Amino acid sequence: MSKTNTFLPLTLVLIAMLSLSSCVHDDDYKIPSVEITEPNITANTTINIVKDMYAGSLVDFDEASNGGELIMEGYVVSNDEAGNFYKVLIIQDAPENPTAAIQLDVDVTSLYSKYKPGRKVYVKLNGLGMDEMNGVLHIGSINGSSIERISSVNYEDYIIRSSEVATLVPKVITPSQYNDSYINMLVQIDDMQLRSEELGKPYANAADTYTVNRYLKNCVDDSQTILRNSGFASFKGQEFPQGRGSIVAVFSKYNSDYQLFIRDTDDVMFDNDRCDPLFEETFSAAVDNTNLDLPGWINFATAGTVTWSEQVYSGNGYAEFNPYNSKDVSNIGWLITPGIDLDAQDGEILTFQTEHAYPDSGHDPLAVLISTDFDGTTAGISTATWTPLTFDVSYKVDYGTWFNFTNSGEIDLSSYTGTAYIAFRYTGSDTANQNMTLHVDNVKVYVP
């Protein structure tokens, strides 16, 4: 090869490189935005109407359309960028105050690159089907008698992007409002926090790809909500926030359990102080029917041989006092909490639950008392000042009220200071037929 032939290709390469660099100014290497032309398409049905087509078996939209074309519209609420959603696109019928939402199964990852949250889309339903799986309706391709994901080859023929990208406003709901109408909607739930037993744990398992349930507690009604986090999520190893606040998530369901899916950690806004009670005892550690022995509690009989015991029924533990068949002339059994600091905050409330069985007429066996001068010893029980507290309880004779827990109501402790002890004192007699069976559960002192 001649020198002239070698020189010419090199010269052309240099010219090309100079031409390319001259097209860029001020080191601006941003990817150019792609404008979307509004498609010439109009929705002729709604997500609500489409969902109502389901009558318990697979819906073939070709058959449901009666030879016509079915097109619905919606706004994308899911986001698979962080990996907590996988090959699904979830849409609702409005960016704010939606009335219905639905899941589309698509055999594509990174759907967020084309269908970002808030993007309006049109869905051509002909050629697709709808069925229910684990309590959630989903739309996809029909394969025999089941639904599978829409193919990665032609999914854009069915899901057409609009140029509109709306601002999504989550629908604010409370746990008491959970129902199927919210499935697949973007919701916001306030006054939530991670259950105390799970503090310090990550969103999911950092070491594997298993999906993990985290349990959120609502500070208003003490209910629990499942938060489902994928083992493939980019945030799976991050520690879950330990505070209290609001969570935005896609509402879902698995069989009979409602659950939430966040899009990324920005959806968890737990910046406030936790609402953990000052004291709480659910007797959940009870494993058999034995003498009740809880750390810090005092369980002591000042008359008779019977003390409080731990009992378990249908997986629920509680404290029981039952003097039946003791042959004791007098039974006085004390169950006293550990000391509770009432000086660090204001407005403390006490609540608990009681249930009974085998009552005798006119016998009121339970007193609930508070002391701020008790020294925490069995010898000090008789010398401490104990003030009775008023609470709600049912001692009815009729069998229909037996073994049904009654809420105590909110008992105001705000007038007490110092270290307080709460005592549950049972007074009865087996020989005088005053031997009612009594249960106590879910003792809690908290600030609303």
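## The enclosed cavity

A cavity is a set of grid points where a 1.4 Å probe fits but cannot get out, and its lining residues have an atom within 4 Å of a point. In this predicted model, the count comes to 1 cavity of 30 Å³ or more. The largest cavity has a volume of about 30 Å³.

Its lining is made of Val76, Ser78, Asn79, Asp80, Val88, Leu89, Leu111, Tyr112 and Tyr115. By class, that lining has 6 nonpolar, 2 polar and 1 charged residues.

## Ser78, a lining residue

Ser78 sits in the loop between strand E2 (71–76) and strand E3 (88–92). Its relative accessible area is 2%, so Ser78 is buried. The Ser78 side chain reaches the backbone nitrogen of Ile90 at 3.0 Å.

Leaving out residues up to four places away in sequence, Ser78 touches Phe85, Val88, Leu89, Ile90, Pro117 and Arg263. Val88 and Leu89 also line the largest cavity.

## The largest pocket

The largest pocket has a volume of about 910 Å³. It is lined by 31 residues, and Lys217, Asp222, Pro277, Glu280 and Lys444 are the closest to its centre. Strand E30 (437–446) gives the most to this lining, with 4 residues. The lining divides into 9 nonpolar, 11 polar and 11 charged residues.

## The second largest pocket

The second largest pocket has a volume of about 770 Å³. Of its 27 lining residues, Tyr86, Val88, Gln103, Met133 and Phe261 are the closest to its centre. Strands supplying at least two lining residues each include E3, E4 (101–105) and E15 (257–261). E14 gives the most, with 4 residues. By class, the lining of this pocket has 11 nonpolar, 10 polar and 6 charged residues.

Technical notes:
Residues are numbered from 1 along each chain as its sequence is written. This is a predicted model: local features need pLDDT of at least 70, side-chain atom pairs count only at pLDDT 80 or more; totals for chains, interfaces and linings use all residues. Side-chain values use heavy atoms; hydrogens and water are left out. Buried means under 20% relative accessible area, exposed over 50%, partly exposed in between (1.4 Å probe, protein chains only). A polar contact is a pair of N or O atoms within 3.5 Å; within protein, one must be able to donate a hydrogen and the other to accept it, and residues adjacent in sequence count only if both atoms are side-chain atoms. Contact means heavy atoms within 4.5 Å. On a 1 Å grid over the protein atoms alone, a cavity is a set of points where a 1.4 Å probe fits but cannot get out, and a pocket is an open set with protein on both sides within 12 Å along at least five of seven lines; lining residues have an atom within 4 Å of a point. Grid points are joined across faces, edges and corners, and a volume is the space filled by probe spheres set on the points. Ala, Val, Leu, Ile, Met, Phe, Trp, Tyr, Cys and Pro count as nonpolar, Asp, Glu, Lys and Arg as charged, and the others, Gly among them, as polar.
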